[in-house]
Every structure is written in structure tokens, then in C-alpha cells.
Amino acid sequence: MKPAIFRYHAPKTLHEAVAVLADVAPDDGRVLAGGQSLVPIMAFRLAKPAHLVDINGIKELAQITAVDGKLRIGACVRHAAFYEPVCDGPLGKLLATVVRSIAHHPIRTRGTFCGSVAHADPASEWCTVVATLDGEVAAQSKRGQRIIAAKDYFAGIMTTVLEEDELLTEVRLPLLPADTRVGFQEFSRRAGDFALSMAVVTYRIENGKMADARVGIGGAEPYARRIVEAEAALDGKAPDAETFQAAAVAAAAAIDPLEDFNTSAEYRRDLVRAMTRRALDSAAA
Amino acid sequence: MTQGAATDDHYPSPPPSSARRVLGHAVTRIEDLPLVTGYGRYAGDINFAHQLHMRIVRSNKAHGKIISIDASAATKMPGVVAVWTNDDIADLSPIDFRADKNATGIREFRQPALANTYVRYIGDPVAAVFAEDPYVAEDAAEQVVLEIEELPVVVSASDPPGEFEPGRSSEAIVLHHSFGDIDAAFRNAHAVIELDLKTGRHSGVPLETRGAIGVYDAAKDLLELHGAAKIPHRNRETLCRMLNRGPSSLHVHESHVGGGFGIRGELYPEDLLVLVAAMRFKRPVKWIEDRHEHLMCANQGREQRHLARIAVDKDGRILGIEDEIFHDQGAYIRTHGVNVPNRTMCMMTGAYHVPAYWAKARVRLTNKTPAATYRAPGRYESTFVRSRLMDAVAAKLGLDPVEVRRRNLITADQLPYVIAFNEPGVEELEFDSGDYPALLEKALKAFRWDELQADMKHRRAAGELVGAGIAIFMEESGRGPSDNAKIKVDPDGAVELITGGASLGQGFETSMAQICAEALGVDYRRVRVIHGQTDLIDHGIGAHAARATVLTGGAVHVTATMVRAKAIEFAAELLQTPAAELDIVDGTVMRRGDEGGPSISLGDIAKRIAPGSKLLRGRDPQLAAHGWYNTDHTVFPYGVHLAVVRVDRETGKIAVERFMVAYDVGRAVNPLLIEGQLVGGCVQGLGGALSEEFVYDETGEPLSATLADYLMPTLHEVPDVEVLLTEDAPSPHHPLGLKGAGEGGINGAGGVIASAIDDALGMPGAITRLPVTPQRVRELLRKTAQQ
């Protein structure tokens, strides 16, 4: 469990970083932010990057700002930054809730929001938030910047549309309207483990009925996504137990579950159903 | 030095801790300062000048014939000194048995240090790379190309046996234990219940992985193994046999050890390889296991299938128990031989009076990591089986599960209780002391069992799945035959205590210091305790099978008593006071009850009887002694586990709300340390009951080879374990009444959790397999459509 040899680069500016990345990417160069996923993979030698481009020294990437109705989270913002709400209103509250389920405190002090989104583990809490809220991913390369919508971003298990020379510089999340209700629940075997399924839900109440309902499921499929069947079961209905259960059943039916030796398809659906209903309950509470 | 000897006959009941100065008191540990300030010295911290680093190339196939091993690229890499295969060590003995060194019929199944012709599990050592740097060694190991022709894989001991090698079945041996008239028991039964039960494959996962550093001093022809643990002296014996060296030319050194649990400190291929390499290269050779290797290569345990039958009369009294065991040994038989299936069989009847018993264990090799002892070997498994049987009897006869147990417990007036097996050579058990029904009642009362039942009834009515369980068990500890200790008082009054024991982090130094301090009359913090050094003391029992406190503690007591007698003998002369009137308090000899009267410190006595002193008049100099404690007896502590669990109906997740370990330790040396042992063991037991499992796919691929997949409980998953420590039954076979406590926290954990989950689900007998994962619970709930 000692990594194979690699060359270490520590650019000080974004400009320099994308230049180095353009240079080394064809030779298996990888970006190092918090290192909480990449470094263990290197220790197992499942990844043997020839170059590491360490972006931790780039000050401009450590910012969280709210611009034009969007929260912009820089590439070096750690999970632990979200312990307290980073913005007023429901989004800050949702992120502060979700962060408590990400691994353990020491990992949260190093690992980054954007690193999780770049790594795209199926069980990533942040990926589920980004997918549910239709966030955007900003990718920078020597060739320029592009903004990728969440629905176009994920491509498979730990696979995204990012090009090898692209640095994920920030993730943008919509600042939710003040009357948005938010809920999050996940199931893992132990505290801090990769979740076997999770649900992020948001909705507003208009005239006693739910509107703009979003139901995002993570940990159950190759990547997190919104489940329109569950959302349809909510919109226009009163937020009651029966409706929540119907949406939960719809979510469980709609997914194409990942399977492993500890998690059959049937069990994964059980968990998605339970987490969806509980997330809806917690949003209503 | 003076030799002393203890007899192992009956000792008078020892005084309670209230009559002791330090023995029996919950004093704090003396060994912690370096550990908590970063000065601990673990295997990884041990380095020698010019050392080489070893990296093992391991089989990536679960079973196959080695066609070729191409190390040419690796050998050419800068910094690589050599790459060995079995050809380089062809004359080296396989890893020999320690426990069963005279075993017949199983020697063919021992593991070679490097695979010879066949590989038999994923992780099997195939080649060893020696390099100047551990990174280079690992880079080079990746370049060794293995060509292996795959052979059929056996991954379950329940499957028909395959071949270990051409013409040799993978069913290594079939073992038997029996007593009484089993046919009559089943013929006369009011009811017979048959269960098919499984304990999952799991093991101890110490914080510190294995490590071995071999050093050869050619000038002295002296070979040293550093990084040893658990049983340094016995490992020296085994290594001497394998390497054909005399004991004075091979020394084993233990440093700090980050947990043992039975698996750390046994001899493995890597230990042998660093020694042979150190001799051949004339350079120190260091090997540190990484976590991935640890989870694929260190001893695993526990995996058994039991086809168990119980015959009872109409009142639920046991008439007989029958059990056919399929023991999943993994790829080889390691240092313990067939100890685990034997312990499983001999402890199966537990604290119950069972008139007839018949058990057969099929020891089968599979293409998985080899299995051996893990904390409470054979007892965790057999207590699970026995508890399941007792719950099944209660369900079948409509009796209360506690009442069924009450009716069958061995009573105090039946002790000593002897279980003699029919099979020649199988050691009989003699339960030495105890009152098992009394401990059960104390535990139920302390747990508020009756109030709990009422409370659970309310919660169930409100829709919760909550239940409670019970498991009762016997432990065994302090098996002989002998241990010894050397004690010397320095001129400044400090005491050096050299033992043949070992410390795995359990508080060995503190408990030995307490025993020494009590007998000698010194502050326990002035005792420097040495362990695990074969060059300082020739014999030692180590730390295993809950032996250290009992056996080494016995030897320390005997030796300290000898030093005390010597101190008092000289003090009587120096103080001109009859010896019978003298006492030793805080390191000073004085007249009993006469503080402020004439006195002399132990340090001063030591100075006054240095070599050449006129006081000696033919007697040996130094305030020192070397004593032995010898015994033919094993002592038997016992315990009760109680637990409350809550099941999440929708996810199948189990929360352990409460857990109590009630345990009679005879006499406690240090209740604080014992509580630590019991709680730690309990947490490991919960792991095996609920989450820890080494899973293999049908090709023999290990699926639990990282700590993200092998799920040990964390603080979030365990309750505050309640401990009820009793001292009702000191062992009559031990001068201090001591019994061991290393395994009492884990023994019943599988049994009690299964019991409690059944109760929570309202499905008697539902749990037949450990660990009880949430997915398995959901399957049970789905079957009854309780969604």
C-alpha cells in the first residue's frame, strides 16, 4: 500500500494549474485537492498517476460566494466548511445537514466538495445534492471554460464528461427560494460508511399543495439523479403520509439498482423507499 | 538464583481486595506515558542500519498450479537485491505447529513459507522481493509475473471436499468428542430439535498490522526476530525446530504491540523469511504488513457450520446434544493445528448439565485465507450454537428462555464438575469453582430483566421491533504447565520484574506490577515490568488463552514472596527484630504497626547484601529471586451476556440498545483493566454478530479486503457496555484465586445477539447465521410480509 512513483506539481495560480494539467494530462496527470479518495486509490495502486497537480496552493479556489442567485463553491472548499450554513435560507441548511453524513470529521477537514463531484462516486452525498438541485459544474482548461449542467455531467460509475485536461474549478448551486422545504436521509451500515442509498428532497407549499418537488436519489444507481416519477407523485398534492409513501414507492420502482454481495436489487429498492419517505418526513417536520 | 516451586493443590480462599494494598484495586496503568506521548515503539518503529525491506508477491488465484514465476524484470530494477521463490528455500520447513507439534495426519497441510508448486488462496506468498527501500520493493513486486494454471476452487466447508494436492482430500481430518449414552438420550427424548447454524468468517483486526525484522549477527552466530508478540518464547522453540538452531542462538524480542486477539504473534511465512534472508544476506531484513495484506493473509477464524441436535425431556431438561461441525480451515493448517475445532467441541455443553454428548468436526480446507484462533476460539462459536439450541427448546416447549436455562445449569453443589470424554487423549475438563445459577440471577437483577420485559411490551404495542436475549457461557483460562519470573530490587529501591509473559496492550505491565507490589510491599509504580525477551529469561508462556494473569501472575506472586522472605530475613538481622514481627510497607521493612520505629528500606537491604558483603555468611547476594509457578489445572471463569436490540423494520438495521457482561473472574487483579478487556471483547463480539465478515466470491476472490468492506463496529454502533464483575468463585487451584478475563466479553456476544433479534422480530429461531446483516433481516421480514 505504497503508491507508485509520481511527479508532484504545485501551481500557485489557476492559469498555471491548467497549463501544467494540459501538459501532463496525456501522461496520466491527475488533480490533487483533498486527496481523500485519490490517495487511498493510489495506495492500493488502483491508480498510478505519473503526475499529481496539487491545487491546494491556489487561493482563488478556496472561496464560497453567492453570485446571481447561485452559490459558487470553489475547488478547494473542504466539506467541513459546510458545518455551519454557508448562506441564508434553505440551501445553507440543507448543506449543513448533508455534510454530517459525509465520512468522519478528519476526512471532512481535508476532502473537498468539488473533489467529490469530480470523483463521482455513486454514493457521494454532494453529487446527489448537485443532481437534485440541477447544479452546474465549471470546468477550466487551457482551451477555455465551460459550464456543464448536472444532468449532462455524470456519465457512469466514477465517470463524468470532464476532459482529462479540465480542472473542475467550481460547482454552482441555485440559492433556493426561502419557502423551500428540504430533507435528506441516507442509509449506511455504519456511521460514515458509503451509503447504500440516500434521498435529497425539496418542495414548496402553494395553497396547501406541494410544488416544484425534487427527489434525488444517490447511492443506488451508477450516479445520482432526479426521479421524475417520485416528483410527479408529490406535485399538486398535500404533504401527507400517504402521498409521501406513494412517492417513495414510485422512487423505489423507478431505479435500476446497483447490486453487490451485501445489497440485492430488492434490498436496494427497500432502502430507497425508506430513505425517500424519511427525507420527505424530515422536510415536512 | 534460588528456585522456588508452587504446588497446584488446593489453596485457601484469598482475601478480598479490601484487605489488600494494591492487588484487586482499580489503579491506573503504568505503561501509558510513552504510548500517549508518541514514544511507543511498535514493529514499524524498529530499524537497523543497512536493513533490507521485504515485499511479498502473492497469488492472485485462489487455487492453481504454478507454471512459471518470471522475476527477471524485477531483479534488474535498481535497488533490488534478490527475488526468492520456493526454489531458493526448498529445504526450509513449512510453518510448523506449535500447539499440536506431534499431530499426525495433518502435517501435510502445513503452509510453506513460499508456495511450492501450488497456490491455495488469494494472498498465498509466492515470491519475496528484497530491496534497499520499501517503495522499490513494492514496485519490483509488481513486476514479478506469475503464470498459474487454475484448478477447481472450494470456498465452503459445506461443499464436497476437493483436492489439497493430487490424491489428497481437502478434508484434512475428522475429529470426535463424546461422553454418555447418546443413543439412549435421543431414544428417550420427549422432544428432539435439529438446527442448521453458521458462524461467519471474521477475525481480530489489530490497529497494528504484523511486522517482522530479522537480524543476524555473524560475529556471534546469533539470530534475532524483532516485532514478535503474544508468545515469543514458544515461537522461539518452534523457530529453533524449523531452522535447526539451539535456543541460545535465536532470540525473539517483543516491543510495543498494538493489539493481538489471538492472530497477531503467531508464526507466519513472513517471520520465517526475514530470518532466513537475514542469515543469507548478512543484513537485517524488515517486513511490515500493509492493511490490504493483513485482511487477506493474517489468520481468520470462526467460520463453521453446525448440524446440531438436542434431546430434552418434557420439562426442557437436556438429555443429550449431538453436533456435526463443518470447520472451514482455509487453505492451510497453521500453527494451532486443529485446536479450534477441538475447543469448539469440548466447550459445547457450556455451563449446563448434559448427560450425553456426541460431536464430530470435519476439518476441511478451502481456498481461502487460513483460519486459526481468534479471541475465545471455539467458544464464541459453541456458545452461539448452544444458545440457539436453548432458545429453540424454550420455543418448542412453550417455556420461558430464562427458565429453560435455569433448569439446566450445573449447580454449585455439583462442583467440581468433571467432563471426561470417551476419546483417548482428549483432555478432561474440571470446572473448579463457581455458582452459575447465582450469577444468572445477579445478572438478571442488575439488568432489571423483569421491568425490561414490561417496557418492551409497551414498545411493541407502539409498533417497535424490540427484543432481549441471554447467553450463558463457560470460559477457560490459565492452562499450565509452568511459568517463571525473576525479580531484583535495585539499590535505589526500584524493582525489576522479568517475566516470560507478553503484552498485547491489555495492561500486562500494570497487573504484574500490582501482584509483585502486593507480595513485596512496594509501590506498584516502582516496578519495571519486562516481557517478551527470550534473552533475559529462558521460558515464558506469553499472552494467550487468558493465561498471562493467571500463570505469569502466579509466578510473579511466588517470586515476589521469595524476595520478600529474603528481605525480611536480612532485615530481622539488621533491625535485631524477630522476622515474624516485620512487615514491608511502601518499600520499607518495619515492625508491624510500629511506624516511626526502627526500619530499613528494601534498597538499603539490597546495598547491604551486594556481592562480598559480610552479612551474607554463605548466602547468595542480591535482593533477588527466580521463581516458578507450576500447575496441572485449567481454571474456569464463567459469564452471562444480556442484550436489548431494536430492529428498523424498513431497513433491517439493528441497533444494540443495551449490553451487559456479567462475569465471575474469581479474584480480580485490577477491575478497571478487566472492565476494559470485557468491553473491548464485547465490541469485537458485536462485530462478528452484526457486521464483520470475510466474504469470498465463488472464485475465491476476497471481497472484504479493505476496511471499507470489512465492517468493524465503531463507537457509533455500540452501546455503553454494562459490566457486572463478580468475585464469588476464586479458583482453589491458584494461590491468588485468579481466573482469566481476556475472552469473557466476546464469548457470548453472537449467541445473545441472535437471541435478542429473534425476540425483536417475534420469530423464534429466525436467526441461524452470523453475522446478522441488515439485508438478511430484511429478507426475514419480507418472508413474513411485515413490510
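**Contact between the chains.** I started with the interface of this predicted model. Chain B puts 20 residues into the contact and chain A puts in 17 residues. I counted two residues as in contact if their C-beta atoms, placed from the backbone, lie within 7 Å. On the chain B side, the elements giving two or more residues are helix H3 (134–142), helix H7 (291–297) and helix H18 (774–783). Helices here are DSSP runs (H or I, at least four residues) and strands are too (E, at least two), numbered from the N terminus. H3(B) has the largest share, four residues. By class, I noted six nonpolar, seven polar and seven charged residues on this side of chain B. Nonpolar covers Ala, Val, Leu, Ile, Met, Phe, Trp, Tyr, Cys and Pro; charged covers Asp, Glu, Lys and Arg; the others, Gly among them, are polar.

**Conventions.** I kept the numbering from 1 along each chain as its sequence is written, with chains lettered from A and ligands numbered from 1 in the order in which they are written. Local features need pLDDT of at least 70 and side-chain atom pairs pLDDT 80 or more, while totals for chains, interfaces and linings use all residues.

**H18(B).** Next I asked which residues of H18(B) are buried. They are Pro774(B), Gln775(B), Val777(B), Arg778(B) and Leu781(B). Buried means 20 or more other C-beta atoms within 10 Å of the residue's own, with C-beta atoms placed from the backbone.

**H6(A).** I then checked helix H6 (residues 125–132) of chain A. Eight of its eight residues are buried, so H6(A) is largely enclosed by the rest of the structure. Among them are Trp126(A), Cys127(A) and Val129(A). Just after H6(A), Asp134(A) takes a positive phi of about 55°.

**Domains of chain A.** An automatic or database assignment sets the bounds. It gives domain 1 (7–53), domain 2 (61–174) and domain 3 (181–284). The C-alpha centres of domains 1 and 2 of chain A lie 19 Å apart. Domain 1 gives 13 residues to their contact and domain 2 gives 19 residues. On the domain 1 side, helix H1 (residues 14–24) of chain A gives the most, six residues. That side has nine nonpolar, four polar and no charged residues.

Definitions and conventions. Buried ≥ 20, exposed ≤ 12 C-beta atoms within 10 Å, placed from the backbone.
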